[in-house]
Amino acid sequence: MKSKMQPPLLKYDVPTIQQDILNHLTHTVAKDRDDATERDWFFAVACTVRDYLSERWIETTKACYEQDSKRIYYLSLEFLMGRLLTNSMMNLGIYDNVREALNNLHVNEACIYEVEPDPALGNGGLGRLAACFLDSMATLSLPGYGYGIHYEYGMFYQRIKNGYQVEQPDSWLRYGNPWEYPRPEVLFKVNFGGHVNEYQDEHGRQGFHWKGGEDVMAMAYDLLVAGYGTHTVNNLRLWAAKASRDLDLSSFNKGDYFEAVKAKNWSENLSKVLYPDDSTEMGRELRLRQEYFFVSASLQDILRRFCREHRNIRELPNKIAIQLNDTHPNLAIPELMRILLDKYRLEWDEAWSMCQRVFAYTNHTLLPEALETWTTDLLGYLLPRHLQIIYQINHLFLHEVSHQYPGDMDKLRRMSIIGEDGEKHVRMGHLAVVGSHKVNGVAALHTQLIKSHLFADFDQYFPDKIINKTNGITPRRWLQEANQGLSQLLNNTIGSEWTADLEKLHALAPLAEDRQFQQAFQAVKMENKQRLATYIESKTKIKLNSEALFDVQIKRIHEYKRQLLNLLHVVTLYNRIRHNPELDIVPRVVIFAGKAAPAYAMAKLVIKLINDVADFVNNDPVVADRLKVVFVPNYDVSTAQKIIPAANLSQQISTAGMEASGTGNMKLALNGALTIGTLDGANIEIKEEVGEENIFIFGLTAAQVEEKCQHGYNPWDYYHGNGELKQVLEMIGSGYFSPEEPERFKPIVDALTEHGDRYMLLADYADYIGCQQNIEAMYRQPEEWTKRAILNVARMGKFSSDRTIKEYAEQIWRVSPVKF
């Protein structure tokens with residue numbers, strides 16, 4: 001499949017756009033120009049752009065039906081879309097015209113953009129990857145649909161109070177969403193509980209009928225996704241839970257108002273919040289209900305669309321491909337089996353073959369505890385027919401395995417979909433591997449470790465099933481939109497074709513040592529840093545030196561991502577300055593951002609430690625502007641688009657062998673940040689692309705981490721063997737940064753020492769500190785630093801999500817572009 005750069009096809013002139021905006025201001029928002037607020041103008045502009053999207057979407061849908069295209073359905077519990085206005089305008093090719101129209105109307109465009117909320121439909125890399133993939137599917141004119149949940153509140157809005165993370169509802173729909181189309185006519189019933197009746201049909205065949213004990217309705221909302229420079233506009237369909245009965249009028253009339261709406265509230269909780277806290281039994285039940293609700297509605301809709309054009313259900317694998325993004329949608333496998341067996345009355349072997357040909361599964365984690373499991377008691381209570389089907393899948397699969405490995409009970413136990421250790425449970429990762437025709441990792445090392453460790457038995461049994469598809473990012477959002485200064489510099493220097501073919505950035509490489517280009521590149525970076533400094537001061541009241549090295553670690557807060565190792569370096573620098581006030585060091589601003597899961601106590605304590613250390617460092621007159629520490633609250637896509645273009649240094653320092661891929665590393669490198677990282681995830685492939693001299697690598701390899709785990713790792717050896725490290729940990733553990741509560745951070749120090757330092761921070765500390773010193777020395781050579789930054793940008797072509805999606809389309813989905 002060839003990707004050819006095309007100019008944007010939608011050519012709406014300025015007067016047309018200007019009049020359309022005014023029409024929506026009058027007829028949709030019902031406001032006069034003189035009384036319109038910034039939000040009113042935003043709605044008018046968004047509805048105008050949505051009109052243009054709708055025209056292309058209808059054309060795309062017609063073309064798919066006319067060509068009887070095989071379609072790809074991407075099932076994900078998260079889609080972290082980011083703001084849609086600027087991105088849609090750019091992809092449609094009308095960005096400049098809209099800007100001119102707003103200028104003619106004397107509307108402040110920057111304020112309009114800032115009014116738009118980030119859709120709270122995801123949390124981290126999983127959801128952002130899904131959003132990049134939708135962008136690339138549309139850009140490549142692939143007939144792709146996303147399916148997810150229409151969360152009312154998303155995960156949470158993060159505030160920092162007294163240094164602690166405080167979670168508040170993220171009411172992103174408070175003022176309405178101009179981008180979505182509610183579809184009250186697209187409504188499906190989803191059942192839970194009940195019982196299964198076994199019967200024999202008129203031909204003597206065994207059959208099963210599941211009668212749900214309760215039900216909830218799933219209503220569709222559509223969000224349109226434009227491809228860049230193409231006719232194609234695809235669709236993200238989100239499901240909102242609606243009660244089958246809005247009000248118990250009998251209870252209401254008796255004055256029992258809570259009972260009257262109890263069923264409605266319980267039903268509609270399913271789409272309230274992303275990832276309800278599963279630390280309680282009720283929370284786990286809600287999460288399982290949420291996952292099945294999403295899967296059931298999506299499959300009903302997929303089959304409705306298929307049956308509209310096809311009479312033979314056996315054609316299904318030839319016309320649809322379903323990608324399961326992580327384990328959350330994996331109930332789709334037994335759900336499709338249930339439909340094929342119980343509704344279409346297919347024989348088991350035929351139904352199972354069809355099912356395997358339809359599904360493919362993307363794994364996103366190497367941590368066994370992160371692979372979902374559900375107890376058989378809970379699954380049997382909520383989805384009794386599905387548990388029956390899972391048991392039968394497992395029985396037949398283990399029967400096949402036992403023939404190949406007779407007498408190997410350990411292998412059967414390891415490969416069983418049903419886990420017997422502890423409470424009996426279903427291993428959703430195992431179910432996905434058995435029920436899919438392809439399983440992919442998301443970076444070369446990640447895939448290698450899946451095959452050698454996580455699913456080693458399955459790789460041996462299915463030797464060609466597990467393959468690699470290294471993640472990518474869309475350059476439209478993460479360079480063209482996020483870094484418009486650099487984007488314009490590239491367009492003026494090498495042309496604009498890189499927007500749809502990122503490999504074109506290779507043309508920059510000869511300019512890496514061109515002094516004039518270096519100066520222009522540096523000017524763009526400085527402007528981005530100044531803009532970020534202004535934003536951070538407005539959010540945190542911390543004033544930053546834009547000349548300093550901007551050292552950035554922005555990602556979900558988790559122990560394996562090792563924000564704590566970064567902080568150990570900060571305290572080390574702080575101690576060196578305090579010990580020698582005349583110390584000549586490169587001024588540095590260390591920027592953290594990210595959310596911790598509400599029930600993840602250690603991650604939340606790390607956030608508190610970051611903020612307590614920041615209070616000391618930022619207010620110490622001896623340190624002054626030589627070192628600043630900032631935690632930017634409520635990290636989301638829009639915040640990332642402010643931070644990433646300003647970064648000089650990208651921290652990708654997870655314990656080797658634990659990060660699946662990462663995409664923040666790609667975004668930061670594409671925007672001219674140099675990476676400090678371990679040989680983990682996609683860092684390895686970035687190193688191969690940009691050259692080992694243009695990246696800063698430190699620490700243990702995945703093999704060395706495994707060796708230490710197997711042969712004994714004693715963090716105390718590192719503690720006693722390194723005076724600076726010992727001092728840093730003693731300060732944290734003894735209350736230096738928390739004098740009002742001296743033992744506040746003792747659990748952190750205990751985790752690094754007495755409890756074994758699972759993520760090997762102490763083992764990597766000395767090498768990390770040494771690598772940071774090399775970075776400081778390089779930053780003192782601005783021409784050399786800039787040369788390396790330019791080469792990073794020039795050599796990031798591989799990491800476009802367009803390349804990733806082409807590989808999925810050709811090697812997994814077998815889908816072709818729609819022709820116009």
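How much space lies in the largest cavity? I began the notebook with this question, bearing in mind that what I have open is a predicted model, and I found that the largest cavity holds about 130 Å³ of space.

**Entry 1: cavities**

I searched the whole structure for cavities of 30 Å³ or more, and the search returned six. For the largest cavity I then looked up the lining, which is made by 13 residues, and I noted that Met81, Leu84, Asn87, Asp135 and Val225 are the ones that lie nearest its centre.

I went on to the second largest cavity, whose volume is about 100 Å³. Its lining consists of Cys64, Tyr65, Asp68, Ser69, Arg71, Tyr73, Arg305, Phe306, Glu309, His310, Lys319 and Ile320. The elements that give two or more residues to this lining are α2 (38-66), β1 (71-75) and α9 (281-309), and the largest share, three residues, comes from α9. By class I recorded five nonpolar, two polar and five charged residues for the lining of the second largest cavity.

**Entry 2: the nonpolar core**

Which residues have the most contacts inside the largest nonpolar core? I looked this up next, and the answer is Trp239, Ile322 and Trp813, in a core that has 281 residues. The largest share of this core, 11 residues, comes from α9, the helix that I had already noted as giving three residues to the lining of the second largest cavity.

Since Ile322 is among the core residues with the most contacts, I turned to strand β10, which covers residues 320-325. Six of the six residues of β10 are buried, so I described the strand as largely enclosed by the rest of the structure. I then checked which way the residues of β10 point: Ile320, Ile322 and Leu324 go one way, Ala321, Gln323 and Asn325 go the other way, and all are buried.

For the pairing of β10 I found two strands to record. β1 pairs with β10 in the parallel sense over five bridges, and Tyr74 has Gln323 of β10 as its bridge partner. Strand β11 (residues 359-362) also runs parallel to β10, with four bridges joining the two, and here Gln323 stands opposite Ala360 in β11.

**Entry 3: strand β20 and its partners**

Strand β17 (residues 549-554) pairs with β20 in the parallel sense over two bridges, and the bridge partner of Val552 in β20 is Ser650. Strand β21 (residues 674-677) pairs with β20 in the parallel sense over four bridges, with Gln651 standing opposite Ile676 in β21.

How many of the 12 residues of α11 are buried? I counted 11, so I recorded the helix as largely enclosed by the rest of the structure. The buried residues of α11 include charged ones by name, since Glu335, Arg338 and Asp342 are among them. The helix, residues 332-343, reaches 15 Å from its first C-alpha to its last, close to the 16 Å expected at 1.5 Å a residue. Just after α11 I noted that Arg345 takes a positive phi of about 60°.

For helix α16 (residues 428-435) I found that eight of the eight residues are buried, so this helix too went down as largely enclosed by the rest of the structure. Its buried residues include Met428, His430 and Leu431.

**Entry 4: Gly163**

Last, I looked up Gly163, which lies in the loop between β3 (157-161) and β4 (164-168). Gly163 is buried, with a relative accessible area of 11%, because the cut-off for buried is under 20%. I also took the C-alpha separation of Gly163 and Pro782, which is 35 Å for two residues 619 apart along the chain.

Technical notes:
Residues are numbered from 1 along each chain as its sequence is written. This is a predicted model: local features need pLDDT of at least 70, side-chain atom pairs count only at pLDDT 80 or more; totals for chains, interfaces and linings use all residues. Side-chain values use heavy atoms; hydrogens and water are left out. On a 1 Å grid over the protein atoms alone, a cavity is a set of points where a 1.4 Å probe fits but cannot get out, and a pocket is an open set with protein on both sides within 12 Å along at least five of seven lines; lining residues have an atom within 4 Å of a point. Grid points are joined across faces, edges and corners, and a volume is the space filled by probe spheres set on the points. The expected span of a helix is 1.5 Å times one less than its number of residues. Buried means under 20% relative accessible area, exposed over 50%, partly exposed in between (1.4 Å probe, protein chains only). A nonpolar core is a set of buried Ala, Val, Leu, Ile, Met, Phe, Trp, Tyr and Cys residues joined through side-chain atoms within 4.5 Å. Two strands pair if DSSP finds at least two bridges between them.
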